[in-house]
Amino acid sequence: MPVRVLHRPADGPERTLATDVEVADSFLGKARGLMFRRSIPGGYAMAFPFDGTRTRGLHMVCVPFDIDAVWLVDGRVERATRLRAWRGYGRARADTVLELPAGAAEGVDPGDPVALVEEG
């Protein structure tokens, strides 16, 4: 079933961050993430759902392009930041982590609601 990512800020209109969402729901999918890809298209997101909330780290080893990373707890943003190609690293508490093309999470702030919505 198709999934999209919606940003619902309190001070502005709802907007779609991604319409093409890949859910990494296996151990291998979470371990590989975006490694070894040459790029990702606009409108794309990789979602990493986890059982429970704890500190989750993301690294950019073998990822040759910048991304925006968003850490969520119960559908609210804990942290949103740009991670640089090859050497970026980020950490925050999360039960879900999103990886998006660089610039896609512009204006996404801690505390904002962000949801993965199934369509159809």
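Q: Is Asp68 buried or exposed?
A: This is a predicted model. In it, Asp68 has a relative accessibility of 4%, so it counts as buried, the cut-off being under 20%.

Q: Which element does Asp68 lie in?
A: Asp68 is part of strand β5.

Q: What lies 2.9 Å from a polar atom of its side chain?
A: One such atom is the backbone nitrogen of Gly103, 2.9 Å from a polar atom of the Asp68 side chain. The backbone nitrogen of Ala105 also lies 2.9 Å from a polar atom of that side chain.

Q: Turning to the strand, how many residues of β5 are buried?
A: Seven of the seven are buried, so β5 is largely enclosed by the rest of the structure.

Q: Which residues are on each side of β5?
A: Ile67, Ala69, Trp71 and Val73 are on one side, with Asp68, Val70 and Leu72 on the other. Both faces are covered.

Q: How does β5 pair with β6, parallel or antiparallel?
A: The pairing with β6, residues 76–83, is antiparallel and extends over seven bridges. Within this pairing, Ala69 stands opposite Thr81 of β6.

Q: How many bridges join β5 to β7?
A: Six bridges join these strands, which run antiparallel.

Q: A change of topic: how many residues are in the largest nonpolar core?
A: That core has 18 residues, and Leu34 and Trp71 have the most contacts inside it.

Q: Which elements give two or more residues to this core?
A: They are β4 (44–59), β5 (67–73) and β7 (89–101). The largest share, four residues, comes from β4.

Q: What about a second core?
A: There is a separate one of 16 residues, and among them are Ala18, Ala47, Leu72 and Ala104.

Q: What do nonpolar side chains tend to do in general?
A: In soluble globular proteins, they tend to be buried together.

Technical notes
Residues numbered from 1 in each chain as written. Predicted model: local features only at pLDDT ≥ 70, side-chain atom pairs only at ≥ 80, totals over all residues. Heavy atoms only, no water. Core = buried A, V, L, I, M, F, W, Y, C linked by side-chain atoms within 4.5 Å. Buried < 20%, exposed > 50% of the residue type's maximum accessible area, 1.4 Å probe, protein only. Pairing = 2+ DSSP bridges. Polar contact = N/O pair within 3.5 Å; in protein donor to acceptor, adjacent residues only side chain to side chain.
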